[in-house]
Amino acid sequence: MKTILYIIQKEFKQIFRNKGMLPIIFIMPILQLVILSNAATFEVKNIKFGYIDNDHTSTSRALVERFDASTYFNVLTDFPSEALASAAMLNGEVDVLLHIPTHFERDLQKEKYNNLGVTINAIDGAAAGVENVYVTQIVQRFNQNLKIDLFQISDQQIQPTSIQTIPLFWYNETLNYKTFMVPGILVLLVTMITLFLSGMNIVREKEIGTLEQINVTPIKKRQFIIGKLFPFWVIGMGLLTVGLVLAKVVFNIPMVGSLPLMYLYTSIYILVVLGIGLFISNFTETQQQAMFISWFFTVIFILMSGLFTPIESMPNWAQIITEFNPIRYFVEVMRMVMLKGSGFMDILPQLSKTLLYALVMDGLAVWSYKKTS
């Protein structure tokens, strides 16, 4: 026990003596959480909107005004020709083009039917899909009013809607994207800081030559690994505390679940990350190598965690791989506990897998450490 305490004390001294390390551990995560939570959004706004009005009637102008009144569209100009409109989209000046055909109002009055053309810049497929939904909703609402205002249908002919949908949004009533993103970004910051610090830990001892001095002592491998793990485990728990405070104070994220349950799961999850970091550190010779390998795995874990893209939308083979992704479970648990108020039994599947992952990775970290003199 004295040996483990000595290593822990030594690690804390090295961390706090390194003035360049303290901003990385404490200041950068705070800035990243504040900046990323405000910048990372699934909302599509300020859509550059152009139109070609070949009708120039009160109906066509009313339709354009609907888009102008929307908070999502920024109506720019009326293009006089298809060629100029296509050139503007090619140059990135517009994102959505509305094509209003000739005799639009007349055909509506006569035929009670007409078509509108919409051209959307779909380089960003996800944004294009959202833009298409916005356009469809505005046209549908305009069409409903037009049935009464333009066609002047008598009261007997108007058929009231027999079925109405009344949406009820659970867990995020205001549809605020920050409520969805902040718990996930907090997971990433805790993961990245603890993984990078632990990944560079043992290899730093190799570079400065102190690892050989430790190896000639009678310290056991598991004592050495525990001593190396504990300081960064404390730092990870501290980062979680700071992140939760910022999430509540700055972003007003609801925390309807149990805080002790979040800390319980996080305490096990950090052991997984630290085990991965020390395992990497045992097989690398320089801090640069450890950093690159840690970043390689971090990028894969993040992209396949379900934070930015739903796991259900991934191919079957990718969904199988995500079963071995610890970040996936942490993201799920944080959102379940913070936003849904899930209890211990609700997160038991994720907790069991994470505990097994921790035992395996920390066991590999101890096994892979070669104590040679």
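**Salt bridges and helix packing**

In this predicted model, Arg328 and Glu332 are joined through their side chains by a salt bridge, with an N to O distance of 3.1 Å.

Q: Why is the contact between Arg328 and Glu332 called a salt bridge?
A: The label requires a side-chain nitrogen of Lys or Arg within 4 Å of a carboxyl oxygen of Asp or Glu; the N to O distance for Arg328 and Glu332 is 3.1 Å, and therefore the pair qualifies.

Q: What separates Arg328 and Glu332 along helix H14?
A: The two residues are 4 residues apart in helix H14, which means that about one helical turn lies between them.

Q: Why is Arg328 called buried, and why is Glu332 called partly exposed?
A: Buried means under 20% relative accessible area, exposed means over 50%, and partly exposed lies in between. Arg328 has 14% relative accessibility and so counts as buried, whereas Glu332, with a relative accessible area of 23%, falls in the partly exposed range.

Q: What makes Glu323, Arg328, Glu332 and Lys353 a network?
A: These residues are linked by salt bridges, and the structure holds 3 salt bridges. Besides the pair already described, Glu323 forms one with Arg328, where the closest N and O atoms are 3.3 Å apart, and Lys353 meets Glu323 in another, at 3.2 Å from N to O.

Q: How do you know whether Lys353 is buried, exposed or partly exposed?
A: Lys353 has 39% relative accessibility, which lies between the 20% and 50% limits, so Lys353 counts as partly exposed.

Q: Why is helix H7 called roughly antiparallel to helix H10?
A: Helix H7 (residues 177-199) and helix H10 (residues 221-249) pack at an angle of about 160°, with their axes 10 Å apart. Angles over 145 degrees count as roughly antiparallel, and therefore H7 is given that label relative to H10. The crossing of H7 past H10 is right-handed.

Conventions: Residues numbered from 1 in each chain as written. Predicted model: local features only at pLDDT ≥ 70, side-chain atom pairs only at ≥ 80, totals over all residues. Heavy atoms only, no water. Axes fitted to C-alpha atoms, helices over the stretch in contact; angles between N-to-C directions. Parallel < 35°, antiparallel > 145°, perpendicular 65-115°, else oblique. Left-handed = near helix turned anticlockwise from the far one by under 90°. Buried < 20%, exposed > 50% of the residue type's maximum accessible area, 1.4 Å probe, protein only.
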